[in-house]
Amino acid sequence: MPQDLEQLDAQKREMPEPYESYRPVPKLVIAIVAGMFLWAVGYILLSHPGDDPALGDSRTTADLMARTAVAGAAVDGAQIYAAQCVACHQATGLGLPGVFPPLAQSEWVNGKDEAAAKILLHGITGSLTVAGKTYNGAMPAFKDKLSDAEIAAVLTHVRSNFGNSAGKVEEATVKAARAASAAQAAPWNGDADLNSLQ
């Protein structure tokens, strides 16, 4: 019996097991959160996207292109090359052996400027021979990505770098190439089509 009393005394000294009681979120916190949510929704619905540009940049690509043309800023072919071409043709212009053809000492780069413009405008797919080596891949079309001035600038950059010494490509040449090949919907079919351009 004394042992039972000792156990009972030990149990009495124990604190009760913790438990979660029902504690609702205070009404003030709910009101603040609901108020902030309603304010945010109202702000989005009542904001005017056509407001003065000083209140936020709502310029379109056409606006930016027009301002560049008015300012007469020269297009940087090296910058376009770095943004559009370097992933495949590399910073050295040597391409990747067996995968992407080199631009250095390429007969397509150093050939007729109008042919080079047509290549950039429509891209290439299929078998292409560059400097005696055959490449079988695809090059994207840039007719919808780059303007005539940008294509002329990047072609001029490529034709005067990487050991190439071909002449400058004029914007008018690219414009003429775009008009002459307007019916070309698909990329050029490698050597089969490009040989007729040279």
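Which residues lie nearest the centre of the largest pocket? Select His89, Leu103, Ile119, Ile124 and Met139, which lie nearest its centre among the 30 residues that line the largest pocket.

This is a predicted model, in which local features need pLDDT of at least 70 and side-chain atom pairs count only at pLDDT 80 or more, while totals for chains, interfaces and linings use all residues. Residues are numbered from 1 along each chain as its sequence is written, and side-chain values use heavy atoms, with hydrogens and water left out.

**The pocket**

The largest pocket holds about 510 Å³ of space; a pocket here is an open set of points on a 1 Å grid over the protein atoms alone, where a 1.4 Å probe fits, with protein on both sides within 12 Å along at least five of seven lines, and lining residues have an atom within 4 Å of a point. The volume is the space filled by probe spheres set on the points, which are joined across faces, edges and corners. Colour the lining by residue class, and it divides into 24 nonpolar, six polar and no charged residues (Ala, Val, Leu, Ile, Met, Phe, Trp, Tyr, Cys and Pro count as nonpolar, Asp, Glu, Lys and Arg as charged, and the others, Gly among them, as polar). Strand β2 (133-139) gives the most to this lining, with five residues.

**From α7 to α8**

Select next helix α7 (residues 113-122) and helix α8 (residues 148-159), which pack at an angle of about 120° with their axes 10 Å apart; helices (H or I, at least four residues) and strands (E, at least two) are DSSP runs, numbered from the N terminus, and axes are lines fitted to C-alpha atoms, for helices over the stretch in contact, with angles from 0 to 180 degrees between N-to-C directions. Helices α7 and α8 are therefore oblique to each other (under 35 degrees is roughly parallel, over 145 roughly antiparallel, 65 to 115 roughly perpendicular and the rest oblique). Their contact (heavy atoms within 4.5 Å) joins Asp113, Ala116, Ala117, Leu120 and Leu121 of α7 to Ile151, Val154, Leu155 and Arg159 of α8.

**From α8 to α9**

Residues Asp148, Ala149, Ile151 and Ala152 in α8 meet Glu171, Val174, Lys175 and Arg178 in α9.
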